[in-house]
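Student: I have a new structure to read. Where do I begin?
Tutor: Let us take one feature at a time.

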Amino acid sequence: MAAMNLLVSAGVHYSCLKPGNGFSISKPKVYKLGPRAALVDAGPRPDGSPLALQVSRGDLAAELQAEARAMARAANASVYSPELLAKKYGSRPVQAVQRTLEILVALGSFGTKLLLDQRNGTLDRNKRQRAIELRRIFTRLGPTFVKLGQGLSTRPDLCPPEYLEELAELQDALPTFPDADAFSCIETELGMPIESIFSSISASPIAAASLGQVYKAKLKYSGQTVAVKVQRPGIEEAIGLDFYLIRGLGFLINKYVDFITSDVVALIDEFARRVYQELNYVQEGQNAKKFKTLYADKEDILVPDIYWNYTSGKVLTMEWVNGVKLNQQAAIESQGLKVIDLVTTGIQCSLRQLLEHGYFHADPHPGNLLATPEGKLAFLDFGMMSETPEDARSAIIGHVVHMVNRDYEAMARDYYALDFLETNVDVSPIVPALRDFFDDALNYTVSELNFKTLVDGLGNVLYQYPFNVPAYYALILRSLTVLEGLALYADPNFKVLAASYPYFAKRLLTDPNPYLRDALVELLFKDGRFRWNRLEDLLIEGRKDRDFSAKDALQPVLKLLMAPDGEELRTLTIKEAVRVTEAVILGSVADTYNSAPSFVQTLLINGNGSGALAMNSADLEAMMELRNQVFRIWGLLSSSENFDPALLQPILQVLQQPEGRSLGGRVVSGITQRLAARLLQQLLRTPTVPASSL
């Protein structure tokens, strides 16, 4: 396993690994990297125990004190302020003009090509080529524009699909800065000589990114192997000037470019705030801590610990993680692991992030997702995080329900709740566009539907209408698209929607949220009839989710059933209960009749050849199918891993309440009337030649 330890660590993209940086897969032990540093393998301790924590897990007070000291060291960390940037760079016209010319020459040539394409009628034909050129321009212009390009790659309301795909390929692959500067930064930030902190540190960075670079080191006091991320010198100055200039461009776009409907200045401000947050490594450490608290409760998720005593605004010391990037299939499979299993774990964790707690990793590219030798999925780089508003979490699940139901009017109205549209925008023109796309897309089953195709199609709709896609939603799409793309390396037939559906089914069946409860009722009832096939499908899929609880299934609907405003649902339920009870009773009668000898059948029907029940074969077949479907649903519930007959207790308790007794009485009355009608119909039939079966 040690031979497969790849050079990956928290907080960076790993596309910059170079030969000669002091690493060799074939010799993973000790490297002589110069008089000041040596790279030591990050294996387990000789006694086989796991790496000890910097602060005892039980000593919460000591850990909090260490974190507080780290926060004090980062007290002067920069925050994004458009006003301060304007004041600072407004007084430096020469510097601003020089950088402006550099940017204008690069982007101006690109804009000229777009105008020529438009004039020559080749705009659509050359989209891919121009998207590639824009990606290269952003790379040349440096860290700010690399980050900007990556941000645009998640905005289907701003960019056509070709641009989204190319900009998503941007890598933070920039030249490393001098090691002497990095070591000096560590000493300045932590206030002590580097030799007193680390017993060894790699002579060169093992990976570099736009905002910093990472070294592998060994703590002197404990011998633990860590990743040390050091911020690039002068990065605040570089991105500050760029954002000042870009923001000025945003004002011009808002004023003169009609086809871009979003508030570009607001988008730039939001993006700049996120980048500035990435510059505060203490904040990144706190993000990792919160992420671990929320999601590392699952045994297949790993989040590295932060070493607060050796962390500041510009230095982040984190537990070293041995692992393989998720897009390196051969290396993963050589350890006896499966990429698909890891991606499925990532999807389930991402859905919990996006739709359960609402706090999610906003940059889940392959370099930030590692497969550990133990089969865990490790999340790295917590500089850019985002949150899904609570109302939007339920609205997204409801949106999926409306999509499955092909209720495009409701889908269009969902965009109000999702904050895509102002409430004064008329959604009626959007409905035909949704219908045109989804009617074709939904001809596939969930297991056949490709998420990227869905996102691209939806992106075209968003691009054509006055949508303002919130950052959280764009990042959700990107997250799931990235995971599906990783899975396709291993399995070309993998579909992220099929892997996600069990989570949606579980949430619909068990979540008491009023929005989801109503969405479930909407999914199960249509035209006054209960759709048992939908319930069966939900249970089949929901059971695939490891957190599914049979005890909680349908409890939200049961509570709504007894609510003061649940009369309409009670009426539908009574009708369906009568149908099901009739199907069970008469189905049992039919089974008994068909299993009886022919002479008994003749006696039972008294010479009536139409059978023991007064119904035609089609009606009888439908009734038997209903009964069998109900039995299958009960089988799904009773065979669940955590099934307990006590789950029926809440139903019995409800039936003892006044509303429940009334409901039960109405059901019994309905069944009695239906069976009496059946019996009367049977008695009044005209006898014919006996038949041997129904």
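Predicted model: local features only at pLDDT ≥ 70, side-chain atom pairs only at ≥ 80, totals over all residues.

Tutor: R352 lies in helix α12 (residues 339–357) and D297 in the loop between α10 and β7, so the pair ties together parts that are 55 residues apart in sequence.

Student: Is R352 buried or exposed?
Tutor: R352 counts as buried, because its relative accessibility is 9%, and the cut-off for buried is under 20%.

Student: What is the general idea behind such pairs?
Tutor: Side chains of opposite charge can pair when their charged atoms come close. The count of salt bridges here comes to 20.

Student: Which residue does E237 form a salt bridge with?
Tutor: Its partner is K88, and the closest N and O atoms are 3.0 Å apart. E237 is in helix α8 and K88 in helix α2 (residues 82–90), so parts 149 residues apart in sequence are tied together. E237 is partly exposed at 28% relative accessibility. K88 is partly exposed too, with a relative accessible area of 31%.

Student: Where do E166 and R128 lie?
Tutor: E166 is in helix α6 (residues 161–167) and R128 in helix α4 (residues 127–141), 38 residues apart. Their side chains meet in a salt bridge of 3.3 Å, N to O. E166 counts as buried at 7% relative accessibility. R128 is partly exposed, with a relative accessible area of 32%.

Student: Which residues are linked in a network of salt bridges?
Tutor: K113, D117, R130 and E133 are.

Student: Now the sheets. How do strands pair in general?
Tutor: They pair through backbone hydrogen bonds, either parallel or antiparallel.

Student: In which sense do β7 and β12 pair, parallel or antiparallel?
Tutor: β7 pairs with β12 (residues 377–379) in the parallel sense, over 2 bridges. L302 stands opposite A378 in β12.

Student: How do I read a nonpolar core?
Tutor: Look for buried nonpolar residues joined through side-chain atoms within 4.5 Å. The largest core has 140 residues, and F243 and L434 touch the most other members. Helix α17 (residues 471–490) gives the largest share of this core, 10 residues. A second, separate core of 19 residues includes F177, I186, Y307 and V315.

Student: What is F243 in contact with, leaving aside neighbours within four places in sequence?
Tutor: Its contacts are Y80, L85, T144, I268, F271, A272, V275 and Y276.

Student: Which residues make a nonpolar surface patch?
Tutor: L249, L252 and Y256 make one of about 330 Å². L249 sits in helix α8 (residues 235–256). With 41% relative accessibility, L249 counts as partly exposed.

Student: How many helices and strands are in the chain?
Tutor: There are 26 helices and 15 strands. Of the 694 residues, 51% count as buried.

Conventions. Residues numbered from 1 in each chain as written. Heavy atoms only, no water. Patch = residues over 30% accessible without salt bridge, like charges linked within 9 Å, V, L, I, M, F, W, Y side chains within 5 Å. Areas by Shrake-Rupley, 256 points an atom, 1.4 Å probe, with all protein chains shown as cover. Salt bridge = Lys/Arg side-chain N within 4 Å of Asp/Glu carboxyl O. Helix = DSSP H or I, 4+ residues; strand = E, 2+ residues; numbered from the N terminus. Buried < 20%, exposed > 50% of the residue type's maximum accessible area, 1.4 Å probe, protein only. Contact = heavy atoms within 4.5 Å. Pairing = 2+ DSSP bridges.
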